[in-house]
Amino acid sequence: MQLISQSFQDGQAIPGEFAFAVPDAASHVALSANRNPHLAWSDVPAGTQSFVVVCHDPDVPSKGDDVSKEGREVPSSLPRVDFFHWLLLDIPANVTHIAAGSHSDGVTPRGKAGPAAPAGWRHGLNDYTGWFAADEQMKGGYHGYDGPCPPWNDTLLHHYVFTIYALATPTLAVTGPLTGANVRAALASAQVLGQASLTGVYSLNPAVSLQTSAQ
């Protein structure tokens, strides 16, 4: 399989319009257009009955002690964990692309509704659900796509891995809520006929290069 995007090139920076936030000189960050990027796939295996799209960031700090605090930095040596940005399930086998902005167009406080998505697809819960759980203005169930918003003082460039999975079944059976961990566990035991990935990079830290680190 092959996965491409008209929104960004593999290994290159994701434009701000597809991020949750962009750099801001006065306040470090400002909310952005938060549109989902365009994705298109080809060379689909015979027997495919549905697709699943997963986007995750493997570079999220495992501890929040220094995150977005004045006068401090998140060191690149800090152990990192996965943060899921998009879980889209039950994409029909005759679909070969997702248009930019078709599943997210703007930041929705308290999260977009789900899991029902257009055309009978399913949106999982992304990890902003947990991130905003203690924020009275933003807490809620964040379904669908919400883009990059790494800590503005993180010294590590973040990578956003978009993966398409071709399944031999018309739906993915997931045990429990549609979280990243549960979807990943379901994929591990599913009939996956093929997969392909595309990676973009992003940072809100002006001191982090989006070019040299994207190699």
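## The sheet

Five strands make up an open sheet, arranged in the order 8-6-5-9-10 with antiparallel pairing. Strands and helices are DSSP runs (E, at least two residues, for strands; H or I, at least four, for helices), numbered from the N terminus. Two strands count as paired if DSSP finds at least two bridges between them. In general, the strands of a sheet pair through backbone hydrogen bonds, either parallel or antiparallel. Strand 8 and strand 10 (192–202) are the edge strands, each pairing on one side only. The model is a predicted one, in which local features need pLDDT of at least 70 and side-chain atom pairs count only at pLDDT 80 or more, while totals for chains, interfaces and linings use all residues. Residues are numbered from 1 along each chain as its sequence is written, and side-chain values use heavy atoms, with hydrogens and water left out.

Strand 5 (residues 50–61) is joined to strand 9 by seven bridges, and the two run antiparallel. Within this pairing, cysteine 55 stands opposite phenylalanine 162 of strand 9, and valine 52 has tyrosine 165 of strand 9 as its bridge partner. Nine bridges connect strand 5 with strand 6, again in antiparallel fashion; here valine 53 faces leucine 88 of strand 6. Strand 5 is mostly covered, with 11 of its 12 residues buried. Buried denotes a relative accessible area under 20%, exposed over 50%, and partly exposed in between (1.4 Å probe, protein chains only).

## The nonpolar cores

The largest nonpolar core contains 28 residues, and Trp41, Trp86, Ile91 and Phe162 have the most contacts inside it. Such a core is a set of buried Ala, Val, Leu, Ile, Met, Phe, Trp, Tyr and Cys residues joined through side-chain atoms within 4.5 Å. Two or more residues each come from strand 4 (39–42), strand 5, strand 6, strand 9 and strand 10. Strand 9 contributes the most, with four residues. Apart from this core lies another, of 13 residues, among them Val52, Phe84, Leu178 and Val183.

Which residues does isoleucine 91 touch, not counting residues up to four places away in sequence? They are Trp41, Gln49, Ser50, Phe51, Val53, Ile98 and Trp121, where a contact means heavy atoms within 4.5 Å.

## Aromatic pairs

Rings of Phe, Tyr and Trp (its six-membered ring) pair if their centres lie within 6.5 Å; planes under 30 degrees apart count as stacked, over 60 as edge-to-face and the rest as tilted. By this rule there are nine aromatic pairs. One of them joins tryptophan 86 and tyrosine 145 edge-to-face, at 5.2 Å centre to centre and with 70° between the planes. This pair links distant parts of the chain, 59 residues apart: tryptophan 86 belongs to strand 6 (residues 80–92), and tyrosine 145 to the loop between helix 1 (128–131) and strand 9 (158–167). Tryptophan 86 is buried, at 0% relative accessible area, and tyrosine 145 is likewise buried, at 1%.

Tyrosine 128 and phenylalanine 132 form a stacked pair, 5.8 Å centre to centre with 20° between the planes. Tyrosine 128 counts as buried at 3% relative accessibility, and phenylalanine 132 is buried at 11%. Ring pairs also link these two residues with Phe20, Phe83 and Tyr142 into a cluster.

## Salt bridges

A salt bridge is a side-chain nitrogen of Lys or Arg within 4 Å of a carboxyl oxygen of Asp or Glu. The count by this rule is nine. Arginine 122 forms one with aspartate 90, their closest N and O atoms being 2.7 Å apart. Because arginine 122 lies in strand 8 (residues 122–123) and aspartate 90 in strand 6, the pair ties together parts that are 32 residues apart in sequence. Arginine 122 is partly exposed, at 21% relative accessible area, whereas aspartate 90 is buried, at 12%.

Aspartate 146 and lysine 112 meet through their side chains in a salt bridge of 3.2 Å, N to O. Aspartate 146 sits in the loop between helix 1 and strand 9, and lysine 112 in the loop between strand 7 (97–98) and strand 8, 34 residues apart. Both aspartate 146 and lysine 112 are buried. Elsewhere, salt bridges that share partners join Glu17, Arg35 and Asp105 into one network.
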